Amino acid sequence: MTRAYGSRRAARLAVALAAVALFCGCRREATPVPATGGDGKEDARPFTPWHARERPLPFPQSEWYWQDLLAAAPAPEPLPSEPEAAKRLAAAFERVASLTDLQSEEELPAMVADARRDPAPLLAALDDARREVRHAAARIMLRLISARRRPEGCPFQQRLVEAAAGHLRDDADEVALLHLETIARSELPWIAPILLKTFGKVDNHRLTVLRIRSAAKLVLARCYGGMPVLIRALKENTSIQDDVNRDWDASYQTAWWKEEAMAAIAAAAGSDFGHSPDVSDADQVACVHRVEQWWRENHVRLWSESPAIDDPALVERVKLLILGFGTFQSRNVDNCGFILVGLGPKLAPLLLEALSGSSFMIRRHVLGVLTALIGEVPESERASWIEAVTPSLSDRDPAIRVRALEVIGASRIATAAATLEKALSPEDVALCETAMRQLAAQGTREARSVLERFASRLPPEHLLAIPLQAARLAAGDLAPLKEYLQKLDGERGPDPKARMYLSWIVDADGLSEATTPEERKRVIAQVEQVIRGRAAAMKGSEQ
Amino acid sequence: MSRARLLVGVALLAAFAGFLLLLERYGTTSTAVAQGGIDLTTSYSCQPCHADVWSEWESSIHAQAFTDPLVLAEKQSNNFRKQECIPCHAPAPVLEHGIGKLERVVERVTARELGVDCLSCHRDEGRVAGPAARSAASARAPCQPHARAELASPALCAPCHNQHNTVDEWEASSYPNAGVTCLDCHMQPVQRTSADGTTRTGRSHKFPGGHDPEMLGKAFTLRTEMRDAAASGKLLVVFVTNSGAGHNFPADARHRALDLVVTLVQPDGVEVPSREASRPYRRERGTARRRFRNPYREESERITNREQFGRENTQILAGETLSFEVPYDPAAVSEARVELIYKLTPIQSDDEGVRVHDARVRL
């Protein structure tokens, strides 16, 4: 080979490489990336596919009751007006104010008749300062709504539901419970979000029995968003009680709550699983585990058999809830995510459509809802969800990319593993850590291999080294166990980072309560036992 | 120059251009942000140059936001298994997701153990934001900070702290008109020495608040008064004034509680027990107790004036005085012990709380 020939060859090679480099550079540049950094910056798209961005978000942004918003009837009926009836009804409420509840029962039939002719005094009575008046009004409303299926009918049921939903925070428990009953008895499709909002969080101020009863009503209507609350209720006053049980939740009504919960579960399952609040703790725990097992095995089927979400009023509410993600709604206690999750996976078309909106916050929350719901649909349907969220993996904002990967990881289907492995790159630490966590949750042999391969490439002092160890342990690979446990048992207490990622591996670690080195050693030994047991269980289920 | 060399040169240039395009593209999508050679992926990068600030911050509750055992406890965040707690306890840079009362924080994925860290407040679209008044030294700093006046504004604190309405409460008080902002109490001036030896006034990053007994002591004043009551009885009236906090006291609607415990003592030293029912709060001792707190209200309800308070909300507005009456029989008791106990969570016992006032009153 001559020198000239060699130069020409090198030059051709260089040109070819340069062309490839330019091509690659230009191709990456041409990849469609949503032009949103923060909340819709440089983006002309509407907030959601259904809401123009020119209009400001219609919600008060820091003072807000979802309950009140959802209470508003979509098509409130005109109310009849008959001054004589109104006068009689108002006078009757005045009499009722000085009667006992039992005495006032005698007044109610006539009051119901007058309320049919002119309900204005009835609705006004809901705000009366006297409990007796409000209680009588709530009883009248229940009678009116219950006549819905009888010949006399209920001419203004939407108005009644609206009024009841707007007064679910009544100070008197018995009044609030009657309002809940009125709402549920209407059987209107758009009441589901109202009921879901009622038990949004276990530790809010709401009357516990109201929350559990709301959940039960939903399950009886085949909306299974209430099921987790019912299962939590069954755990009350047992050794596996959830965080429902706090000092201020202590109640003599616990057995009643459990009966309410089991009645709804039994209606869905066809069995009460041998429930009794009077048997030993071990028997009650065994019962709860049977219920949980049944739910794990049947939730996808039950959700697939649940009614479609196609009622126009309900669809409008869902869109409004999605729009609400763009307002001051960050935490579970005050955002509407749990309501959408509670409505179930049949929301998917609306949620996926919402991903095409401009609002960063809306897309971020919607992806969170999809993560919670993707496990509720049959595996055969999950691929189409993944396809719909995949473009979000290229979003400019890391928070969106992370959330999109969480949806894909939560699908637990084989094709998702490839996407997770691809995301295992220290180039994008947030996405990489999310991929590790998702692979850990898969807990399969393949996931362990992927994580092990990545561990061989990652420098030991890398920012992601500890989460990677946690991920491997969570996936059932015990190789990093010794080193990880040493980090928990340092001279100055547990390494905060190792402690932090322990939440990937065990449900509760007990380290907060371990105040002495001896206690910590004991707790760490328990943690080790749990990790080993978990790994053994994973490997056992693979054989 | 031979044609081949020219081709190689052109090719190298083209390859470099392609490389730049790739870098630019990946640069915007990666979380590994670099500024002036400083990796802004995590706040660990700030420590070498800002050791003094780092040390202050490290002692602050902001630094412990994600690792504080109290927060990690099972009945609190349960080691952050309650994911809604994460955004405020490990926030991604607030300047990148919007500041002000109407904006919200987004959770950070990486290095959450640092809690509310340097970059939570100072990273701004991949660069470093510094205070408006910059020294010549800061202009030459490797991280090349640019000025953002909002760093000194309550708007920066609001995405987290107004989730508990603290900024709303401050706005409703007389403090804004007096020109007193969050920084005046929670980031007090300190003298700093720059790398070039010059001194300047900076702001402390210790962020004292409800975890600091000294701050708690400044928040209130307490006085007592004896009055005649019906028949031969008397009343011990305890007045608690929010005289120092520019927001409701105790702040933070969900967690903090302030218990006023009055224990009547007989001449023989025996304490008069309580006759009140024990629900809804755990009560341990004392003849009478009042809790200043807003325990169960809807999360998003704004409470900025007394008329809006629900009957359960007993937080003390900025500048407000609330009183508590304890009836006693002057023939049966000789003195009263008056305690004010601040609790980080409402389920803490009296001994777990901080006794911010403890005095005996002759009756």
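This passage describes a sheet in chain B and a helix pair in chain A of a predicted model. Local features need pLDDT of at least 70, side-chain atom pairs count only at pLDDT 80 or more, and totals for chains, interfaces and linings use all residues. Residues are numbered from 1 along each chain as its sequence is written, chains are lettered from A and ligands numbered from 1 in the order in which they are written, and side-chain values use heavy atoms, without hydrogens and water.

Chain B holds an open sheet of 3 strands, in the order E8-E9-E12, with antiparallel pairing. Strands (E, at least two residues) and helices (H or I, at least four) are DSSP runs, numbered from the N terminus. Two strands pair if DSSP finds at least two bridges between them. Strand E8 (220-228) and strand E12 (321-328) of chain B are the edge strands, and each pairs on one side only. Neighbouring strands are turned by 20° against each other on average, direction ignored. Strand E9 (residues 234-242) of chain B pairs with E12(B) over 8 bridges, in the antiparallel sense. Thr241(B) has Thr321(B) in E12(B) as its bridge partner.

In chain A, the axes of helix H24 (residues 465-474) and helix H25 (residues 481-488) come within 10 Å and cross at roughly 120°. Axes are lines fitted to C-alpha atoms, for helices over the stretch in contact, and angles run from 0 to 180 degrees between N-to-C directions. H24(A) is therefore oblique to H25(A); angles under 35 degrees count as roughly parallel, over 145 as roughly antiparallel, 65 to 115 as roughly perpendicular and the rest as oblique. Ile466(A), Gln469(A), Ala470(A) and Leu473(A) in H24(A) meet Leu481(A), Glu483(A), Tyr484(A) and Lys487(A) in H25(A), where contact means heavy atoms within 4.5 Å.
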